[in-house]
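Please open the structure in the viewer and keep the selection tool at hand.

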Amino acid sequence: MSEETKSLNFIEHIIEEDLRNGLEKEALRFRFPPEPNGYLHIGHTKAIGISFGLGEKYQAPVNLRFDDTNPAKEEQEYVDAIKRDISWLGYQWANELYSSDYFQQLYDWAIALIKEGKAYVDSQSSEAMAEQKGTPTQPGVDGPYRNRSIEENLDLFQRMKAGEFPEGSHVLRAKIDMQHPNMLMRDPLMYRILKKAHHRTGNDWCIYPMYDWTHGESDYIEQISHSLCSLEFKPHRELYDWFKEQVYKYQPNALPMLPKQREFARLNLSYTIMSKRKLLKLVEEGIVTGWDDPRMPTISGLRRRGYTPDSIRQFIDKVGVAKRDNVIDVSLLEFCIREDLNKTAPRVMAVLDPVKLVITNYPEGKEEWLEAENNQEDESAGYRKVPFSRELYIEKDDFKEEANSKFFRLKIGGEVRLKNAYIIKAERVVKDANGTVTEIHATYSEDTERKVKGTLHWVSIKHAIKAEVREYDRLFLDEAPDSHADKDFMEFINPESLKVIDAFVEPSLIEAKVGERFQFQRLGYFNVDDDSTSEKLVFNKTVGLRDTWAKQAPKNNENQPAKKQQQQSNRPAIEQIKSYGKKYDRMTDDEREKAKSEIQELAQNVTYSDVEPLFGTSAKKVGTRIITMITLGVLLNNGLERNSEINDFIAKGLTDKNDLLVAEANAL
């Protein structure tokens, strides 16, 4: 088997087999069929990527068809949003179509089925129909109207269309088998009365076709070769095939292709809900500001938060095409946007929680414009000028009056480098009446060649631009908020999912445009929000530089004997970390996630001198190199300054063949 064949997913295998068995390549045709009753979310991107990806692979047309059969829930707003989202992702559809385009054809076919005795009008209540349908283990029974005459069924159905009957009084059902093992085959509904205006057909119709009848026949009308849908539709495949086989005889020459339905695992994401109904509830109850709230998993929300089309497409590619449902960790999505923005986002300086820093030996009134690199990952990004003056803002967390040797940021008597500027030494502080530090007084040195361990970002107070920063976090605290039978998903809303901060940014950002993305150095990736104006800059936090949620995992294994825990705690932190290296690359995903969290916790008690000897680890010991990269990430996050040895170690990791090592190196 060739390498190319091995890389095919199971859907591509099906298509390749069909082509070998005589299907003409020119007959390949796919579709993406959303219902316009809400905004598309991250779960839909998998279906979008599969259908449009196959279109690109086989140079086959892909239709965008709106399955608009329920006017009670569908709106033009959703149609427009869906088209906008798919275009933003970078896909182009061959034809824009609507199931409502086929209402007359579907009605005509329904009349034909009634005439063949394969459909009938049922006048029972919905409760009575549900009862006589049976259960998965008990067969159904024939209803009292199942054997109505063809003439009576035709008369009633035509009068239903004419609007003579109220909603709920009659339905049209297919006449299949009330004892069928598949409950979906027990005389399924084809039409119901619904006296509501349709967003496209207005009041032309007061009966609307059901999804199962509409969907498959729309595929057939469009001559779709492969109808791809998620696994919940697998039980529907038998009915899908029954319907298309009934209508095939009406137009076999004009519509020779019988579509083939195949199912793939839907995309489920941790800490996220994928139900449009539940997402709508968040909007309607004001938990979020709208469908495009940056905390929402909608494509509109992700776009507003700062995600890129490339990052989402990369995520879908990494998830792959599977036959079994599973839950993907949201951290993979966050990894993909970090990886993308690391290459493309300009670096700038911003201070979110400021404290004043006064450089006492820097002349009052003096200012300099220093050169700063825009993106070390992109040689073509160039440089910009940033202003430096006597009074600066730095982050409050970057200073402690007293700290141990493992604190690589600023402390009294300690030295750090100011990014793109000078080395400073903290001398004293000024406090208010409550004992809170209001100013840090420091001196600077023009000798910038000396090596110091910490590097801090900053902004010049005189030149700083005030900006609103919206720090977004996960909307739910629970990994599977809608999986609890005894609790409502709303109980797991994260009350800290949004923090609005008055921040200060460097003056180069005064011209930043809506949608532009930046890395706030040492803080994360941010983009300019739609609410931003020339008078007020507003930034959204897209994602942090590292996965902070991993640190919230339990520190100890509850099943681990207490004695073993105590023995480990008595060992130096670096030795405990090294013990993970022997098997880290062979762990399961769950084991690895837990181990990484424990390594990051232990790394808080590690110094650079502990880690540096591990940079020379043999290439064969990839597990040790990975845990070294994780540990180094914690030290850098705590203010450790990069040097040539660190840069060399990271560069080697980026070129390694092991994906886990490359991922950790990318994160740095």
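Predicted model: local features only at pLDDT ≥ 70, side-chain atom pairs only at ≥ 80, totals over all residues.

Residues are numbered from 1 along each chain as its sequence is written, and side-chain values use heavy atoms, with hydrogens and water left out.

**Domains**

Begin by colouring the chain by domain, with bounds that come from an automatic or database domain assignment. The assignment gives domain 1 (10-99 + 211-267), domain 2 (102-209), domain 3 (276-344), domain 4 (347-541) and domain 5 (573-667).

Next, display domain 4 and domain 5 together; their C-alpha centres lie 26 Å apart. Ten residues of domain 4 and twelve residues of domain 5 take part in the contact, where contact means heavy atoms within 4.5 Å. About 950 Å² is buried between domain 4 and domain 5, and carbon and sulfur atoms give 48% of this area. Buried area is the accessible area (1.4 Å probe) that two parts lose on being put together, summed over both.

Now select Lys-406, Phe-408 and Lys-453: they supply 55% of the area that domain 4 buries against domain 5, more than any other three residues. How many salt bridges does the rule find across the interface of domain 4 and domain 5? The rule, a side-chain nitrogen of Lys or Arg within 4 Å of a carboxyl oxygen of Asp or Glu, finds zero there.

Helices (H or I, at least four residues) and strands (E, at least two) are DSSP runs, numbered from the N terminus. Two strands pair if DSSP finds at least two bridges between them. Strands of a sheet pair through backbone hydrogen bonds, either parallel or antiparallel.

Select the open sheet of seven strands in the order S12-S27-S28-S29-S25-S26-S13, whose pairing is mixed. At its edges are strand S12 (347-348) and strand S13 (350-351), each of which pairs on one side only.

Zoom in on strand S25 (residues 465-472), which pairs with strand S26 (residues 498-505) in the antiparallel sense over eight bridges. Glu-468 stands opposite Asp-502 in S26. S25 is also joined to S29 by four bridges, and these two run parallel; here Ala-467 has Leu-537 in S29 as its bridge partner.

Move to strand S27 (residues 517-520) and strand S28 (residues 524-528), an antiparallel pair with four bridges. Arg-517 has Asn-527 in S28 as its bridge partner. In the loop between S27 and S28 is Arg-522, with a positive phi of about 75 degrees although it is not a glycine.

Select another open sheet of seven strands, with mixed pairing and the order S23-S20-S21-S22-S14-S17-S24. Its edge strands are strand S23 (455-456) and strand S24 (459-460), each pairing on one side only. Strand S17 (residues 391-395) runs antiparallel to S24, joined to it by two bridges. Tyr-393 has Val-459 in S24 as its bridge partner.

**A final residue**

Select Tyr-271, in the loop between strand S10 (267-269) and helix H10 (276-284). Its phi is near 60 degrees, a positive value in a residue other than glycine.
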